[in-house]
Amino acid sequence: MSNLNFTFPQKAKTFTYVLMGIGLVSIIAAFIFDKPAVADEHYHHTRAWANILINSFFFMAIGLAAAFFLGLQYAAESGWSTTVKRVIEAVAWFLPWGLSLMMLMFLLGQFGIHHLYAFFDKDLMMHDAKLQAKMGYFGWFWWLRTILYMVGWVYFTYKLRKNSLDADSATDNSLHWKNVKLGAWFMVLFAVTSSTSSWDWLMSIDIHWFSTLFGWYVFSGMWISAIISMILITVYLKKLGYLEFVTESTVHDLGKWMFAISFLWTYLYFSQFMLYWYADIPEEIIYFQQRWENYKPLMWTVFFINFACPMIMLMSRDSKRNFWFLTFVGFVIFVGHYLDIVMMVMPGTVGNHWTGLSWMEVGPFLGFLGLFIHVVFTNLSKRPLMVKNHPFLNESLHHSI
Amino acid sequence: MAATINKKIIHGIYDDEVPLLEACNKLKTAGIKIADVFTPFPIHGIDPIIGVPRTRLAICAFIYGLTGLGLATLMMWYMMVSDWPTDVGGKPNWAYYFNIPAFIPISFESTVFCAGHGMALTYLLRCMLVPGAKAKNPDPRTTNDKFMIYLELNDEQATKADGILRAAGASEVNYKGTITETLAY
């Protein structure tokens, strides 16, 4: 058996520090140099704050979706993914970091340091008849929900990972069956909270607007990003000489997930758009009007990267078994889904002060990416790369499609 | 001028797919042509060993899908734009491209419908699985728990194949008569 103890290569470690440095410098620079396109007294470093929120959410969501995927593998009692289970676990444990960053943003919002969320501003809420009616949903009730999501998700992720590690030294499969139950309950919790959390944390930026489909749309996006992270890490580790027990077919299956969920995302994105476009009700269509007027190139870019790219490039079987190609497409779609979150946050915060993508987006993204890679690889190095005593391990080792 | 050659029909029966795969590999190495393999379920990775070419069904699916897309577009254009333009929800249909979001769901459904049905029908016709078709399975036990290699070989090769089949762990090797093949010059 090969080397199961991953060590974080020094070169890669230095690389993540460089990325984090770039991020930090560009965030500070954004606070200094970011000025509104036209004079506006309500503009307080909005773009810099919005970028921090976008990246916090994007990478937190990757951890969350990986935790969901981990629970799903248990609940579905699937065998194919057993060899990459430790990769899924490592990505999932970015969740506490991501949630801490989100919590920091919420606290700063509550204390009026930034103004991304209108509902933290009581005066503003009271002067709007529509928002007065929504007061009960925000305020303390919003905080209760937020804390509930965070505690619930971290509890399940922690338990799933702990049981998985403990099972390595166990003599029977009881911990595995415990995880199956845990995974199933997590699916129930996640089904509700993935939707409501995206309403509370992203949809509430456009405070007048609402869409019941929004939660699934956000969820499908985070799911792809998480799968891509897993693929890229698996391919990278294989290149370093680890994980040679992960068959080509397992990576192929991950590629299929990337392909399939891209269509789930497209389906939901288009469904949301088409219904609002067709009904054309002023209070609903405003969401797309803002995007159409100030963000049209980005809107089309996001749609085509995330829909056409996977459709054309990942349809054939060979493309999903070619690691180089899979990595390339993965990178492209990963950036595409980051831009998707940009499209959710920017129009409601920066609005018509938007001047197009610039270093203010690229810098923080690289910084958070560095943090993400650093945390995930540190997680990976802390436990063996292969599970032991897993009832489906043998099936996964011989996985062939 | 024509010459005839007598070939033996051999059924190599196995209880499991692993020895069957091993036997297939060895037969291939020995240069013996495998006529067919009958198994209760699909065996992954057997296609290149027994020389089954890659399916072209995907190409058919693409063509059927395009046909479906074209038909749907033609239908909707004729109904909604050409023949009787209607104002639906404040969206007058004076040009097809103008209301494209409204036409996408039907285009999608028609594409999937035609690709799916076209593929199924092509598959059934290509395999001659039409109503009333006779089962071509030479040994019905292969639909239950047996795995079979089907060979048509001349005497010299048959002796060689018999040894390989048994060495790989065949539970039975059955001879089912001969067929006469005409070789044309």
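The model is predicted: local features need pLDDT of at least 70, side-chain atom pairs count only at pLDDT 80 or more, and totals for chains, interfaces and linings use all residues. Residues are numbered from 1 along each chain as its sequence is written, while chains are lettered from A and ligands numbered from 1 in the order in which they are written.

Chain B contains five helices and six strands. Helices (H or I, at least four residues) and strands (E, at least two) are DSSP runs numbered from the N terminus. Their order along the sequence is β-α-β-α-α-β-β-α-β-α-β. The radius of gyration of chain B is 26 Å, well over the 16 Å that the globule rule gives for 185 residues, so chain B is more spread out than a compact globule. The radius is taken over C-alpha atoms, and the rule is 2.2 Å times the number of residues to the power 0.38. The C-alpha atoms of chain B fill a box of roughly 80 × 45 × 30 Å along the principal axes. Of the 185 residues in chain B, 16% are buried. A residue is buried if 20 or more other C-beta atoms, placed from the backbone, lie within 10 Å of its own, exposed if 12 or fewer, and partly exposed in between.

I10(B) lies in strand 1 (residues 2-14) of chain B. This residue is buried because 21 other C-beta atoms lie within 10 Å. E152(B) is 142 residues from I10(B) in sequence, yet their C-alpha atoms are 6.4 Å apart. Beyond neighbours within four places in sequence, the contacts of I10(B) include L151(B), L153(B), A158(B) and V173(B). Two residues are in contact if their C-beta atoms, placed from the backbone, lie within 7 Å.

Chain A has 16 helices and zero strands. Its radius of gyration is 21 Å, close to the 21 Å that the globule rule gives for 401 residues, so chain A is as compact as a globular protein of that length. The C-alpha trace of chain A spans about 65 × 45 × 40 Å along its principal axes. Buried residues account for 42% of the 401 residues of chain A.

Helix 2 (residues 46-75) of chain A has 30 residues, which should span 44 Å at 1.5 Å a residue; the end C-alpha atoms are 42 Å apart, which agrees. The expected span is 1.5 Å times one less than the number of residues. Of the 30 residues of helix 2 of chain A, 27 are buried, so this helix is largely enclosed by the rest of the structure. Just after helix 2 of chain A, E77(A) takes a positive phi of about 50 degrees.

The largest nonpolar core holds 102 residues; F57(A), I62(A), V91(A), F94(A), I227(A), M230(A) and V376(A) touch the most other members. Helix 2 of chain A gives this core its largest share, 18 residues. A second, separate core of 19 residues includes I10(B), L21(B), A23(B) and A161(B). A nonpolar core is a set of buried Ala, Val, Leu, Ile, Met, Phe, Trp, Tyr and Cys residues joined through C-beta atoms within 7 Å.
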